[in-house]
Amino acid sequence: MRALRFLAGLATALSAHILLVALAPEAARFVDPFLLLVAFHAMDGAVLAGVLAGVVSGLSEDALTGGIYGLHGFAATVVGYVAARAARVLTLQKSYYVGLYFASAVLVQQLVLQTLLLLLWQRPQLPTLGELSLRVVVAAPLGALLVGTVERFSESYRIWKARRPRVSLD
């Protein structure tokens, strides 16, 4: 079930990224649906699930964006690991904690990406403080909205499943 949920999330992230690039290319620089997917799947504290989500979604993002292949893959893997370890320690019950969790995922991703770019090039193009803060400010409510939407959908599905009539084949 978890793999199916991840594949549905990956398809949604791919679609969201393609739509963002087509409709609002400037907004695509500040919204990273792949990072939201990785942080969301690491929220239950399963380190392996977080790392695998990071590898697959990061390499998918690298293939889609055309940058250095493996750059986002490595960064998303680190985010998946750190986010899963943090989720084991933290209690993410309130929406503002969830927002801080997703904002921290953006900061970790940017730290890893900029460190890798610094190691690969002498003068990488660093994001401005405004760009970085906009990424953080956008990721926090989007992550909280994602978690709330999925929780509501799951609860509605549980209620529907409990109320549906049982058909016996006797």
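Me: In which helix does Val47 lie?
Reply: This is a predicted model, and in it the chain holds 7 helices and 0 strands. Read from the N terminus on, its elements run α-α-α-α-α-α-α. Among these helices, the one in which Val47 lies is α4.

Me: Does Val47 count as buried or exposed?
Reply: A residue is called buried when its relative accessible area is under 20%. The relative accessibility of Val47 is 17%, and therefore Val47 counts as buried.

Me: Which residues is Val47 in contact with, leaving aside its neighbours within four places in sequence?
Reply: Val47 and Val82 stand 35 residues apart in sequence, while their C-alpha atoms are 8.4 Å apart in space. Once the neighbours within four places in sequence are set aside, the residues in contact with Val47 are Tyr81, Ala84, Arg85 and Arg88.

Me: Which residues touch the most other members of the largest nonpolar core?
Reply: The largest nonpolar core has 24 residues, and α3, α5, α6 and α7 each supply at least two residues of this core. Within that core, the residues that touch the most other members are Met43, Leu92, Val98, Tyr101, Phe102 and Val147.

Me: Which residues does Val98 touch, not counting residues up to four places away in sequence?
Reply: Val98 is one of the residues that touch the most other members of the largest nonpolar core. With residues up to four places away in sequence not counted, the residues that Val98 touches are Met43, Leu92, Gly143, Ala144 and Val147.

Me: What is the angle between the planes of the aromatic pair formed by Tyr101 and Phe102?
Reply: The count of aromatic pairs comes to 2, and one of them is formed by Tyr101 and Phe102, with 5.5 Å from centre to centre. Planes over 60 degrees apart count as edge-to-face, and this pair is edge-to-face, since the angle between its planes is 90 degrees.

Me: What is the relative accessible area of Phe102?
Reply: Tyr101, the partner of Phe102 in the aromatic pair, is buried with a relative accessible area of 7%. Phe102 is buried as well, and its relative accessible area is 1%.

Me: What share of the residues in the chain is buried?
Reply: The C-alpha atoms of the chain fill a box of roughly 75 × 35 × 30 Å along the principal axes, and the chain exposes about 10700 Å², of which carbon and sulfur atoms supply 67%. Of the 170 residues in the chain, the share that is buried is 38%.

Me: How far apart do the centres of the positive and negative side chains lie?
Reply: The chain has 14 positive side chains and 9 negative ones. Taking each set as a whole, the distance between the two centres is 8 Å.

Notes: Residues numbered from 1 in each chain as written. Predicted model: local features only at pLDDT ≥ 70, side-chain atom pairs only at ≥ 80, totals over all residues. Heavy atoms only, no water. Helix = DSSP H or I, 4+ residues; strand = E, 2+ residues; numbered from the N terminus. Buried < 20%, exposed > 50% of the residue type's maximum accessible area, 1.4 Å probe, protein only. Areas by Shrake-Rupley, 256 points an atom, 1.4 Å probe, with all protein chains shown as cover. Lys, Arg positive; Asp, Glu negative; His and termini not counted. Charge placed at Lys NZ, Arg CZ, Asp CG, Glu CD. Phe/Tyr/Trp six-rings, centres within 6.5 Å; stacked < 30°, edge-to-face > 60°. Core = buried A, V, L, I, M, F, W, Y, C linked by side-chain atoms within 4.5 Å. Contact = heavy atoms within 4.5 Å.
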